[in-house]
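This briefing concerns the structure shown below.

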2 protein chains.
Amino acid sequence: MAHQKDTVLVVGSLAFDDLEMPTGTFNDVLGGAATYSSIAASMLAPVRLVGVVGADFPEAHLRSLRQRGVDTAGVERQAGQTFRWRGRYSADLASRETLDTKLNVFADFRPKIPTAYRQSPVVLLGNIHPKLQLEVLHQVDKPKLVIADTMNFWISGEPAALDEVLRKVDLFVINDEEARQLAGTHNIVRAARVIRARGPARLIIKRGEHGALLFDEQGTFFVPGYPLEEVLDPTGAGDTFAGGLAGYLASVGEITPATLRKGMFFASALASFCVEGIGPKRLLAAEKHDLIGRLDEFTRMVDYGGTLGFED
Amino acid sequence: MAHQKDTVLVVGSLAFDDLEMPTGTFNDVLGGAATYSSIAASMLAPVRLVGVVGADFPEAHLRSLRQRGVDTAGVERQAGQTFRWRGRYSADLASRETLDTKLNVFADFRPKIPTAYRQSPVVLLGNIHPKLQLEVLHQVDKPKLVIADTMNFWISGEPAALDEVLRKVDLFVINDEEARQLAGTHNIVRAARVIRARGPARLIIKRGEHGALLFDEQGTFFVPGYPLEEVLDPTGAGDTFAGGLAGYLASVGEITPATLRKGMFFASALASFCVEGIGPKRLLAAEKHDLIGRLDEFTRMVDYGGTLGFED
């Protein structure tokens, strides 16, 4: 039965990435956490995007987002240059180093949620300053679900503000290194317990190619990473995961342990497209039938027949 | 319906391990790949063990194996000392270095398969010299399933003998670093294709705490590692995985894509007990109801509801 889908509000960075990859250097690649999250979410539900770009950001990028159903009225354009990140990946793509970060217009970003966006049932807060994440929450009306990410920089530098964010979000989505740093313990299961005790009833810990773990009231759930023959660029995969999850939950309109679990497959499938291209190129080209095909392969990958018979 | 279970023949090392762990140093710990594999397999099916120990190996260890249904008539006792490995683990247990290896009586090990063992439907070849693995295969009568492991030392040092092993085994079980080394490529999916082209129709690549991937005629299958709060010692987890899988397949008596997939859950569940204790202590204490409980938690951990509905 068709129903009105919920809308996802995504707040975070739009950027240019300069990527030094084993396969070559790619400059001026469309990047930013909110960009990846919006593209992924827009495969499944309507999206509203709040962020800031400089005078150098091509209108064509915003147009291509709009063509996917992303409302870009919340993207401010400021005089100056767009946030730019330059990074170098290791030969096996398993690690990367930041060579340069130019915040540019993003340095003074204060998210302003347009009145028309205030009623957004699903809110995805990218890894911006936790005080800005809180400002967004002050500007919206009781969402069904608030999802937030963060990063090492805020974990070490803004623990008090981050603690307040933790108390106000429903679902916290971070990677394993961030979880360890935030909880102060190496063991992932213990880290999850520590973080959930500080607020979020639901926590997802992303482990890159190794998949992601959900910890919630129903226990622990695991979704694998899709094993790929060709990985070109992991940039944005985690943001794609979070955006895909938000989009799925908005599309079904209910936030339950069951929908969260199904949503993690959509999230991981979309992240698997993301890493197959430089920047968001492959993700932007993925169509619904590609996603259905990958979800189908995914479910076969975890299908053990439904029962584990024990021979006595 | 109760049926006669198949028997597993395990050939490989019995050892003493001296373990320098973050929690302390543990000397003279019962070790060896065949030891761990036998203990795991014996939870599910009868086991026959072929290996060698020195005069210093306590009879009590062999007796405890026999009490679990491991036939130890194939374990030779030689004058001299038992194989001994000394290793040091990193603080997070994610890596280890070998401090000392004393082959002792294992240096001259030539597996002799007792006549009573020649008809063993499931054969598990531990990571001994590939020429010895081939000698075992010459001594047994058409098993239903031959499973083999190997290690970095033989991949670099005995490529021709290992190639012959690859052509003669049904299921090859190695870890990700070994797969990369053997295939000469970093990407795991590509490495699997290269290795399978050299012989084994079925390949399992173990990824430690991140689980294991099966590549077979039906596609790719993934079993996660069980997320644990307390990991004390990863030694033998991979051997436990292989032994648990062999034991499960022997217990059901049929080697099919479906039984292989179910077996990977038993294998991963048993490996999760292994890492919870120093040496095989926790694994030895695990009872059938513990295994059933963990399998139950495991299946809940991957239960996404069976369908991934798409909202249009």
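In this predicted model, B:K102 is partly exposed, with a relative accessible area of 41%. B:K102 takes part in a salt bridge with B:D100, and the closest N and O atoms of the two are 2.7 Å apart.

**Salt bridges within the chains**

- Over all chains, the structure contains 50 salt bridges.
- On chain A, salt bridges with shared partners connect A:D18, A:E20, A:D28, A:R84, A:R86, A:R88 and A:E97 into one network.
- In chain B, a salt bridge joins B:R86 to B:D18, with 3.6 Å between the closest N and O atoms.
- B:R86 belongs to strand β6 (residues 84-89) of chain B and B:D18 to strand β2 (residues 15-21) of chain B, so this pair ties together parts 68 residues apart in sequence.
- A:E217 sits in the loop between β12 (212-216) and β13 (219-223) of chain A, and A:R202 in strand β11 (residues 202-206) of chain A; the pair links distant parts of the chain, 15 residues apart.
- A:R202 is buried, at 13% relative accessibility.

**Relation between the two chains**

- Chain B is superposed on chain A by a rotation of 180° with 0.0 Å of shift along the axis, and the RMSD is 0.0 Å.
- The two copies are thus related as by a two-fold rotation axis.
- Within chain B, the C-alpha nearest this axis belongs to B:H210, at 3.1 Å from it.
- Both copies use the same surface, since 100% of the contact residues of chain B recur in chain A.

**Interface between chain A and chain B**

- The contact draws 47 residues from chain B and 47 residues from chain A.
- Between them, chain B and chain A bury about 4200 Å², of which 59% lies on carbon and sulfur atoms.
- There are 6 salt bridges between chain B and chain A.
- One salt bridge across the contact pairs B:E229 with A:R193, whose closest N and O atoms are 2.4 Å apart.
- Residue pairs in polar contact between chain B and chain A number 18, counting pairs with both residues at pLDDT 80 or more.
- On the side of chain B that touches chain A, the elements giving two or more residues are α7 (188-197), β13 (219-223), α8 (237-252), α9 (257-274) and α11 (288-301) of chain B.
- Helix α11(B) provides the largest share of that side, 7 residues.

**Nonpolar core and buried positions**

- Nonpolar side chains tend to be buried together in soluble globular proteins.
- Here the largest nonpolar core has 207 residues, and A:F172 and B:F172 are the members that touch the most others.
- Not counting residues up to four places away in sequence, B:F172 touches B:A148, B:D149, B:T150, B:L162, B:L166, B:L182, B:I195, B:P200, B:R202, B:L203 and B:I204.
- B:D176 is placed in helix α6 (residues 176-183) of chain B.
- B:D176 is buried, with a relative accessible area of 15%.
- Apart from neighbours within four places in sequence, B:D176 contacts B:I188, B:I205, B:K206 and B:R207.

**Backbone positions with positive phi**

- Most residues other than glycine have a negative phi.
- A:K142 is not a glycine, yet its phi is positive, at about 30°.
- A:K142 is found in the loop between α3 (130-139) and β9 (145-148) of chain A, and it is exposed, with a relative accessible area of 81%.
- B:D28, also a residue other than glycine, has a positive phi near 60°.
- B:D28 lies in strand β3 (residues 24-31) of chain B, and it is partly exposed, with a relative accessible area of 44%.

Notes. Residues numbered from 1 in each chain as written. Chains lettered and ligands numbered in written order. Predicted model: local features only at pLDDT ≥ 70, side-chain atom pairs only at ≥ 80, totals over all residues. Heavy atoms only, no water. Least-squares fit on C-alpha atoms with pLDDT ≥ 70 in both. Contact = heavy atoms within 4.5 Å. Core = buried A, V, L, I, M, F, W, Y, C linked by side-chain atoms within 4.5 Å. Buried < 20%, exposed > 50% of the residue type's maximum accessible area, 1.4 Å probe, protein only. Buried area = accessible area lost by both parts, 1.4 Å probe. Salt bridge = Lys/Arg side-chain N within 4 Å of Asp/Glu carboxyl O. Polar contact = N/O pair within 3.5 Å; in protein donor to acceptor, adjacent residues only side chain to side chain. Helix = DSSP H or I, 4+ residues; strand = E, 2+ residues; numbered from the N terminus.
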